[in-house]
Amino acid sequence: MNAAPEAPAPLLIGGEAAKGHGPILEAIDPATGRVSARYQSATSADVDAAVKAARESFAHGTWRTKRPHERATVLFEAARRIAEASETLAQLQMSQNGKALRECRAQAKAAAATFRYFASVCETMEGELTTPRGDYLSMIVHEPIGVVALITPWNSPMTMEAQKLAPALAAGNSVILKPSEITPGTGLALGRIVCEAGLTPGVLNVLSGTGLTVGDPLVRHKDVGMISFTGGTATGRAIARIAAERLIPVALELGGKSPHIVFADADVDRAVEGVFGGIFDALGQSCVAGSRLFVERPLYRAFVDRLIERANTLKLGPPADPTSDQGPLASFGHRERVERYVALARADGGRVLAGGERPSGAPFDHGAYYQPTIIDGLTNDARACREEIFGPVLCVLPFDHESDLIEQANDTAYGLAAGLWTRDVAKAWRVARRLEAGTVWINTYRELSIATPFGGMKESGLGREKGRQGVRLYTATKSIYLSLAGGI
Ligand code: NAD
């Protein structure tokens, strides 16, 4: 994966490799600064061609009218092929976003598992009969929407792409996937693999390109009937405005600024590991990163000292090296953004207790590396505590009372996730119920299951992905009344 291929990778339209009419994109390996791959990018004319292929395949109906067990068979085959290609997919993702190979491998296997899960959901989906209130039979059926646009970010592309493709296809839709321009590789590779598993041409199309040149025309296209987006809140809001104007459904998985809470009665060893992994796994480039830490005052100093010690043991290094805990940040531009936030925190009176700079020397000099960083001395209204940094930066704050804690934890525009550590079950339950977050972890963090709904409150999003109901996101509910008067 290190040498850039000579010919840029094409788009996928109508089941075939298609030449994009936009400029060539270069994927940069953030561990080395070298070009790892080249991609053709799409223009609005390519968007038209992909939507046309998707619309025609939907109208033709060979995918949407398949029986659920037939669609499930294709999705199971896709899962098998993704698992078979998992090492290639993992290397590809690592070369584009610098995530540790260990984690990329786990994500490739999880992408296969996601297809397996939704194949099972597809096979076991049910409609409903409602109790009649007259001389008729009333039924609810869930139908595919039509052409669905799926737009994904760069931090865990494979996970997000599988999480959207599998349920949207299980529901019988035709889809257009637009991966991030920073990591187009896995979306195109997954697209090809899933098509080869037995999809009718045109049911799955993949367009690489930027948000403005491809994402925006896709969202505005009159034949796109639904948008499923994962990415930043500002982008999500812009997409939601267009969807509102067009009156089409939109699902949004957006950013977060998740509170992570440690009460004085917590199991400290486990809490240190949970808080540490909650922010520094994936170097904070995770929507659920626990980036605001609240520690009850009697434990504050001792806990923060333990955390600093732990942060200083994190080993940065090349992502393919099994002894590296973490690789570089996903891009050089993103590292500069993280640095601006650390500078801002310093200017606001924050004290950098760990990290706060780039590591130096080989192998760091050519990569987008940044040290895990812990900052205290800020208040919850500082910009570093309010805005999503999406990097390895943890802001720590003490608290005195449960009521004050809940007020501070909820005093954020976001509502994606939260974590808390205590040995008191009643307190854990009470606080979990008061936290404004789509997911709350008690005495654990970052546990995620494909079988459990996931999504955000407030500015963290709209709708829930995953779980059996995840397929419903991609369906329209239809009620059918069949008169029984006069017989059939
Ligand atoms: P981003 O919003 O910049 O881009 C996401 C995708 O949207 C990319 O494919 C991009 O090309 C496209 N896009 C950009 N502008 C667009 C437009 N005007 N119209 C249509 N598409 C457009 O986000 P990012 O920097 O790639 O990803 C980081 C963000 O994603 C963070 O905020 C993170 O919290 C969020 N995220 C959320 C979840 C979740 O499940 N809630 C998961 C992962 C990442």
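Reader: Let's begin with the ligand. Which residues come nearest to the ligand?

Author: Happy to start there, and please keep in mind that the model is predicted. There are 28 residues around the ligand, and those that come nearest are K178, E181, T235, L254 and E388.

Reader: What kinds of residues make up the shell around the ligand?

Author: The shell divides into 12 nonpolar residues, 11 polar ones and five charged ones.

Reader: How much of the ligand's accessible area does the protein cover?

Author: On its own, the ligand has 860 Å² of accessible area, and the protein covers 87% of that. The space that the ligand takes is the largest pocket.

Reader: Which elements give two or more residues to the shell?

Author: Those are helix 7 (211-220), strand 10 (226-230) and helix 8 (233-246). Helix 7 provides the largest share, three residues.

Reader: And which domains does the shell draw on?

Author: At least three residues come from each of domain 1 (11-254 + 460-478) and domain 2 (259-449).

Reader: Let's turn to the backbone. What is the general idea for phi and peptide bonds?

Author: Phi is negative in most residues other than glycine, and most peptide bonds are trans. With that in mind, look at L283, a residue other than glycine whose phi is positive, near 50 degrees. You will find L283 in the loop between helix 9 (268-280) and strand 13 (292-296).

Reader: Where is there a cis peptide bond?

Author: Look between A362 and P363, which are joined by a cis peptide bond with omega about 0 degrees. P363 belongs to the loop between strand 14 (351-354) and strand 15 (373-376).

Terms used
Residues are numbered from 1 along each chain as its sequence is written. This is a predicted model: local features need pLDDT of at least 70, side-chain atom pairs count only at pLDDT 80 or more; totals for chains, interfaces and linings use all residues. Side-chain values use heavy atoms; hydrogens and water are left out. A residue is near a molecule or strand if one of its heavy atoms lies within 4 Å of it. Accessible areas come from the Shrake-Rupley method with a 1.4 Å probe; for residues, only the protein chains shown count as cover. On a 1 Å grid over the protein atoms alone, a cavity is a set of points where a 1.4 Å probe fits but cannot get out, and a pocket is an open set with protein on both sides within 12 Å along at least five of seven lines; lining residues have an atom within 4 Å of a point. A molecule sits in a cavity or pocket if more than half of its atoms lie within 2 Å of its grid points. Helices (H or I, at least four residues) and strands (E, at least two) are DSSP runs, numbered from the N terminus. Ala, Val, Leu, Ile, Met, Phe, Trp, Tyr, Cys and Pro count as nonpolar, Asp, Glu, Lys and Arg as charged, and the others, Gly among them, as polar. Domain bounds come from an automatic or database domain assignment.
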